[in-house]
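Dear colleague,

I am handing over the structure we spoke about, which follows directly below. After it you will find my notes on what turned up when I went through it.

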Amino acid sequence: MKCKLLENEIKEQSLTPRRYRQTCRAALALDRVGERWTLLIVRELLTGPRRFGELLDALPGIGPNLLSQRLHRLEADGLAERTRLAASGDVSGWDLTPRGRELEPVLLALVRFGSGFSERRRRSHHSRAGWDVLAARALFRPEAARNLCCLYELRVGAEVFCFDVRDGELTTWSGASGPGRVADVVIETDPETWQRLTHAEMGFAEAEDEGLAHVQGDRRAARRLGRLFATS
């Protein structure tokens, strides 16, 4: 009973957000997605539906109560919805609505904008390889992928995600390539090495030579992967 009352209280609070009270369209958008954590929740859901616990793990520092508030607010604004996760039977999760998916260009623009800043990585900084799924969409260079058709499966620690490159076009998703789709290249490494690779602190050939990255499949396509994305 107490848990239900707490859930109702959280939902009531989440449905009465502070508003800018401006007719400016930018202010109207920020009324819905401008609060801290909201766009990062959208970032996670852009790569696929997530269980509440998965969102909590992917957003270190948010806390369960605040995550519940933000999700209920996104739901109230028609940007997110509860869903059943097919791979998990009757387990419920959260997904973006079609209206919520309209935020993808906004997130991609923010990724491109953020790539122009440099900040020394610190031990206190959180990193997840899966965040690079969205970054790949934002920083992809179609001209560098001409005449390349390759399905990359990337295994970084416990995380797995795929980049499917087809002659200048990119499709990404979280998870393995799946049945009936055999990856042309499988790259396996640890999270620390992956961060060094994506921050240009180490070259892919160097990581492979030192035994920090392992490649199965087309080695030429593997070494071409880093050139497919803008670095600044």
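I begin with the hairpin of β3 and β4, which has two residues between the strands and in which Gly157 takes a positive phi near 60°. Please keep in mind that this is a predicted model, in which local features need pLDDT of at least 70 and side-chain atom pairs count only at pLDDT 80 or more, while totals for chains, interfaces and linings use all residues. Residues are numbered from 1 along each chain as its sequence is written, and side-chain values use heavy atoms, with hydrogens and water left out.

On confidence, pLDDT being the predictor's own figure for each residue, from 0 to 100, the protein has a mean of 86, and 87% of its residues reach 70 or more. Confidence is lowest in helix α1 (residues 2–14), with a mean of 54, and highest in helix α6 (residues 98–101), at 97. Helices (H or I, at least four residues) and strands (E, at least two) are DSSP runs, numbered from the N terminus. Where pLDDT is low, the predicted coordinates should not be read in detail.

Returning to the strands, which count as paired if DSSP finds at least two bridges between them, β3 (residues 149–156) is joined to β4 (residues 159–166) by eight bridges, and the two run antiparallel; here Leu154 stands opposite Phe161 of β4. Strand β3 also runs parallel to β6 (residues 185–189), with five bridges between them, and Val156 has Thr189 in β6 as its bridge partner. Six of the eight residues of β3 are buried, where buried means under 20% relative accessible area, exposed over 50%, and partly exposed in between (1.4 Å probe, protein chains only).

Phe161 also belongs to an aromatic cluster, together with Phe140, Phe163, Trp194 and Phe229. Rings of Phe, Tyr and Trp (its six-membered ring) pair if their centres lie within 6.5 Å, planes under 30 degrees apart counting as stacked, over 60 as edge-to-face and the rest as tilted; the count by this rule is five aromatic pairs. The rings of Phe113 and Phe117 are edge-to-face, because their centres are 5.3 Å apart and their planes stand at 70°. Phe113 is exposed at 57% relative accessible area, and Phe117 is exposed at 58%.

Finally, how many disulfides does the whole structure hold? The search finds zero, a disulfide being a pair of cysteine sulfur atoms within 2.5 Å. The sulfur of Cys150 is too far for a bond, because the closest cysteine sulfur, in Cys149, is 8.9 Å away. Cys150 is buried at 2% relative accessible area, and Cys162 is buried at 0%.

With best regards
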